[in-house]
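Student: I am new to this structure and would like to talk through its salt bridges. Could we look at it together?
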Amino acid sequence: MNEIQSLRGTVDILPPQSSLWNEVERKVREHFERYGYENIRTPIIEQSELFMRSIGEDTDIVEKEMYTFSDRKGRSVTLRPEGTACVVRAALQHELLGQKIRKFYYMGPMFRYERPQAGRQRQFHQLGVEMFGTYSPLADAETISMMVRLFEMLGLKGVSVNINTLGDKESLEKYRGVLRERARANFDKFCPDCQRRLERNVLRLLDCKVPSCQEIFKNDLPSIKDCLSDEAKLHYETVLKTLDDMGISYVEKPQLVRGLDYYTHTIFEVTHNSLGSQDALGGGGRYNDLVESMGGSPTGAVGFAIGEERLMIALAAIKKAEESVPATDLFMVSMDEEAIEENLVLSDALRTLGVSVAVLPEKASVKSQFRQANASMSPYVLIRGGDERAKGVWNLKDMKNSTQREVTKEEALAFFKEKIK
Ligand code: HAM
């Protein structure tokens with residue numbers, strides 16, 4: 001075995017799973033583009049301050065999970081733990097936000113120093129979207145429905161949508177007060193992190209991962225609904241009504257707060273029963289204050305991110321990947337050494353037409369080539385040997401009905417051009 005191994009919490013995505021990843025990403029890209037989202041690609045490394053200011057200094061992500069280090073000039077840099085802050089930074093830097101609504105999607109690796117377990121890695125991948133330039137609750141509903149329809153399109157059943165609101169600044173301030181008071185009364189029962197966060201950022205107490213902390217509010221959680229301003233209430237009710245009208249089911253979860261500080265109003269998380277304790281397939285919400293707090297003009301925004309590894313687990317990735325070894329349109333068999341080069345030349349011409357071809361560039365027994373041709377699931381096999389060479393043809397075998405006929409190079413090109421139309 002190799003002495004050098006991949007780092008703990010990082011994973012190689014190997015064939016055949018990698019082709020399933022490509023396939024899912026292609027479908028997801030098409031889905032997002034159907035809703036008017038444009039692709040954005042930001043660097044995976046950013047100034048640390050970006051995440052401290054946006055995600056929040058008291059969050060688990062910033063306090064415990066970031067890959068932060070000094071570069072060679074002593075500047076603090078961080079491997080991105082999420083995409084929202086990066087997209088906001090890029091949108092401001094390149095002045096992409098103005099009068100129009102802008103919609104961006106991204107796919108790529110994120111990094112969090114967490115304890116690895118099934119569905120939780122240190123390098124993982126997100127499929128994310130961010131919409132800027134609207135405060136409308138209908139945009140929240142559209143965003144949630146886009147996520148739900150995405151899972152449906154991928155054939156994933158058993159998804160649950162959990163939803164809550166944090167209201168506006170005024171509502172949230174009021175709620176924080178109520179929560180703080182309740183938490184102070186239980187101060188001794190909280191873990192040291194929660195005790196420290198109680199005065200600074202009491203909302204974080206609700207997503208503490210320590211089981212004994214989770215118990216404290218379990219049956220006695222003050223409801224944010226009692227603290228909502230009329231406007232915030234109307235916003236939330238409109239989101240729920242629109243989801244009802246779209247036929248999207250959801251569960252209201254008053255204890256849902258999300259692990260990042262930038263949210264306002266609607267927040268949501270999608271879970272799947274196949275995922276065990278790490279059951280969040282994706283999450284997101286509205287973040288109306290983030291753009292302004294990063295130096296831009298006030299801009300309504302909403303988005304979500306899906307964990308790609310978890311999506312693959314939910315899709316029973318391994319089983320499906322094995323079933324879907326990518327079939328090429330054609331497998332070429334070389335009966336003698338001369339045929340290897342002849343096949344290679346013809347495969348080049350076929351590929352320029354868009355035909356996918358499997359051909360071995362070196363000598364192999366005819367038996368082994370046919371075994372590979374069968375395994376490749378290619379519907380056709382082209383065979384070249386001494387007999388064919390003498391006649392200036394290839395034998396074209398239709399694998400489905402086991403028929404065979406001779407074709408010239410030109411006929412082969414015309415045949416496959418027609419087939420892949
Ligand atoms: P998040 O809830 O922190 O939200 O992450 C989104 C999803 O990424 C999670 O639901 C989960 O599926 C996946 N994920 C997170 N951490 C890990 C991990 N260590 N290993 C595997 N998967 C993981 C955000 O990141 C927000 N930026 C979402 C958003 C976009 N909000 C608004 N716009």
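Student: Which residue does Glu23 form a salt bridge with?
Tutor: In this predicted model, the partner of Glu23 is Arg26, and their closest N and O atoms are 2.9 Å apart.

Student: Where do Glu23 and Arg26 lie?
Tutor: Both belong to helix α1 (residues 17-34), where three residues, about one turn of the helix, separate them.

Student: Is Glu23 buried or partly exposed?
Tutor: Glu23 is partly exposed, because its relative accessibility is 32%. Arg26 is also partly exposed, with a relative accessible area of 37%.

Student: Changing topic, what do the side chains of Lys64 and Asp193 do?
Tutor: They meet in a salt bridge, at 2.7 Å from N to O. This pair links distant parts of the chain: Lys64 is in helix α3 (residues 60-65) and Asp193 in helix α7 (residues 192-200), 129 residues apart.

Student: And what about Glu342 and Arg384, how far apart are the closest N and O atoms?
Tutor: They are 2.8 Å apart, and the two residues form a salt bridge. Glu342 lies in helix α13 (residues 337-352) and Arg384 in strand β14 (residues 380-384), so the pair links distant parts of the chain, 42 residues apart.

Student: Why does Arg384 count as buried?
Tutor: Arg384 counts as buried because its relative accessibility is 8%, and buried means under 20%. Glu342 is buried as well, with a relative accessible area of 17%.

Student: Which residues do salt bridges that share partners join into one network?
Tutor: Among them are Asp60, Glu63, Lys64, Asp193 and Arg196.

Student: How many salt bridges are there by this rule?
Tutor: The count comes to 33.

Conventions: Residues numbered from 1 in each chain as written. Predicted model: local features only at pLDDT ≥ 70, side-chain atom pairs only at ≥ 80, totals over all residues. Heavy atoms only, no water. Salt bridge = Lys/Arg side-chain N within 4 Å of Asp/Glu carboxyl O. Helix = DSSP H or I, 4+ residues; strand = E, 2+ residues; numbered from the N terminus. Buried < 20%, exposed > 50% of the residue type's maximum accessible area, 1.4 Å probe, protein only.
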